[in-house]
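User: Here is a structure I would like to go through. Please take my questions in turn.

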Amino acid sequence: MFKIPFLDLPPLRGAAGTVRLPGSKSISNRVLLLAALSEGRTVVRDLLASDDTAVMLEALRALGCGVVKDGDTVSIVGLGGRLLAKHAQLFLGNAGTAMRPLTAALAVLAATQGGSFEVSGVARMHERPIGDLVDALRGLGCEIDDLGNAGYPPLRLRGPSELALDTPVRVRGDVSSQFLTALLLALPLVAERDIRIEVIGELISKPYIEITLALLARFGIAVKREAWEAFVIPAGSRYVSPGEVFVEGDASSASYFVGLGAIAAKDTPIRIEGVGSESLQGDVRFIEAAAAMGAEVQAGPNWLEVRRGAWPLKGITLDCNHIPDAAMTLTVMALYADGPTTLTNIASWRVKETDRIAAMAAELRKLGATVEEGPDWIRVQPLQAWKAAAIHTYDDHRVAMCFSLAAFNGLVTKAAVPVRILEPHCVAKTFPDYFETLFGVVSVEATDVPVITIDGPTASGKGTLADEVGKALGFGVLDSGALYRVTGLAARRAGIDLDDGKAVAAIVPTLQLRFSEGHVFLGQEDVSARLRAEATGLLASQVAAHPEVRVALHQLQLDFRRLPGLVADGRDMGTAIFPDATLKVFLTASAATRAERRYKQLISKGISANIEGLREDLEARDERDKNRSASPLVAAQDAQMLDNSALTIEASVDQVLGWWQKRRPF
């Protein structure tokens, strides 16, 4: 996951490959609560690892459930409907799928068994209405105190109190289906007699209620549905653990890759595994909307394949009540259409993680789009003259993921522009590795991938600076100075004659090389210490003598130019390897300063050293590097000169990032 202030997406040009979806958020949190309310142990497999499930698991621990997590499998020892903890303060972040059902379950348990529970979240959660659910619970007889604004979290749920189970529980259905879901999950706990729930107004997001009913059935609760107007929980209902539950992939998350296939999979389709024709989730019907816009879609029981059909896409008008979350993706797909796209019946967008109608309209306009909006609709015109934009994500995972598709603007305009996603880590709510997954199935022109080069003499701090700049931007890092040493080490381990240049060169493309936080990894092995050994340096000198090896390593360095960008340090990165780099830095420091740094480094490792001798060695090395016939040490003509003799690493990083920002179009 990119835990950085912003992530820049260069123009993306195509897509192909296979995506495995994370588990459904809606199913994950429902199953966790159902397992917690049941008797015995439930093993939940393929659970979504996200912020929302994390806060639910923490809440269940606080309530006394046994929780053991092993990767994407969680074992829950349930409460069997009995409160083990009578007092708890639960922080639920911005997870509506945790806040609403936990509020209902704890309200009825506190009423029947006593206790006091406070539920709260982030500031945005305290702006998301819960009054309709609270009204329904109070009508049932639950004692609920508003701890902030009436009708919004935070809340205190307390008891005991007498419940009126002989009259229907009434709840509005036209704001959020989560209110009805919360009641359906909670009321089996007190079903001494038939309990009737009546829906006031039109029920929105019916597919999410279908998920709830299907999961209730898995846990032994057979709810009777009267159209979409009333639901009856039979007397004597009791939660029974099924023992093991598998969470299917998230259909809402699938929408971004369905959209990706419709836009950019020109030849080979995007294959999406984890949802399909047998999915419980209504958002899988997003494929129907994508097909209406021109996508070619095939579906199996647990997979989808999508490729571009009509191009440009077709503008559509669609009632999106059945796909409220996934429909957001259509607003960005609409930019690639042949006419306007109008989405209706989306009032629920306004009470989600943010006001999604307002948010999508505002960010689409930043790109240059013409957008109209109403209380429950949005209309988006196709876009030709694209503008580079920094997309504000409002701490809303779906905003961030939707706007990643705007990076394909080069498919409809010659003047392709990059797109900046602010606070990209907000995708952790449902899909922590979203951007890494996206980068794994898209194609890009190498010249579109931004590069920062950091060249300079030995011991100037190039590697440390490159690592810190790469970390700040989410870019990959290339330590070119390590390449010959790695090649010599790998060749020797493979039993290759180091005098055989062709054989040594042949091993270069097979090197699984990675640089991370000052360490060099060959495959899964950290070889940093081995590379510093004098014997490895001799191997490097031996293989560097072969022209074939130098050519192969040149190509290997070019291959490090991958999404979302690269920071490359060395001696000739800005002059010979990446002459088109967006930013070139020539880093230096006085020989005396570099000698002092090297001296302190060696002494800290228990290695004796002479500071004067180190300075003389560095000066001699500088002279040799400047007078090399191949790739001499020289600053590129357009390089920014940075003398860090008197600068901290933090100040050097800030300087480079400042130069970088001035070169970006945002």
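This is a predicted model: local features need pLDDT of at least 70, side-chain atom pairs count only at pLDDT 80 or more; totals for chains, interfaces and linings use all residues.

User: At what angle do helix α1 and helix α6 cross?

Analyst: Helices (H or I, at least four residues) and strands (E, at least two) are DSSP runs, numbered from the N terminus. Axes are lines fitted to C-alpha atoms, for helices over the stretch in contact, and angles run from 0 to 180 degrees between N-to-C directions. α1 covers residues 25-37 and α6 residues 206-218. Their axes come within 11 Å and cross at roughly 35°.

User: Which residues of α6 does α1 meet?

Analyst: Contact means heavy atoms within 4.5 Å. By class, this contact has seven nonpolar, two polar and one charged residues (Ala, Val, Leu, Ile, Met, Phe, Trp, Tyr, Cys and Pro count as nonpolar, Asp, Glu, Lys and Arg as charged, and the others, Gly among them, as polar). From α1 come Ser26, Ile27, Arg30, Val31 and Leu34. In α6 they meet Tyr208, Ile211, Thr212, Leu215 and Leu216.

User: How are α3 and α4 oriented to each other?

Analyst: Helix α3 (residues 96-113) and helix α4 (residues 131-140) have axes 11 Å apart and pack at an angle of about 10°. Angles under 35 degrees count as roughly parallel, over 145 as roughly antiparallel, 65 to 115 as roughly perpendicular and the rest as oblique. α3 and α4 are therefore roughly parallel to each other.

User: Which residues of α4 take part in that contact with α3?

Analyst: The α3 side supplies Arg100, Thr103, Ala104, Ala107 and Val108. By class, the contact of α3 with α4 has six nonpolar, one polar and one charged residues. The α4 side supplies Leu133, Leu137 and Leu140.

User: Which residue of β8 stands opposite phenylalanine 91?

Analyst: β7 and strand β8 (residues 115-120) run parallel. Five bridges join them. Opposite phenylalanine 91 stands serine 120.

User: What is omega for the cis bond between proline 153 and proline 154?

Analyst: Most peptide bonds are trans. Proline 154 lies in the loop between β9 and β10. The bond from proline 153 to proline 154 is cis, with omega near 5°.

User: What is omega for the cis bond joining glycine 159 and proline 160?

Analyst: Proline 160 sits in the loop between β10 and β11 (169-172). The cis peptide bond from glycine 159 to proline 160 has omega of about 15°.

User: Which side chains of β28 are buried?

Analyst: Buried means under 20% relative accessible area, exposed over 50%, partly exposed in between (1.4 Å probe, protein chains only). Side chains alternate along strand β28 (residues 513-516).

User: Is glutamate 517 buried or exposed?

Analyst: Glutamate 517 is in the loop between β28 and β29. Its phi is positive, near 50°, whereas most residues other than glycine have a negative phi. At 59% relative accessibility, glutamate 517 counts as exposed.

User: What angle does α14 make with β29?

Analyst: The three strands of this open sheet have the order β28-β29-β30, with antiparallel pairing. β28 and β30 (525-526) stand at the edges, so one side of each is left without a neighbour in the sheet. α14 packs on the sheet, touching β28, β29 and β30. The direction of α14 makes an angle with that of β29 of about 35°.

How values were computed:
Residues are numbered from 1 along each chain as its sequence is written. Side-chain values use heavy atoms; hydrogens and water are left out. Two strands pair if DSSP finds at least two bridges between them.
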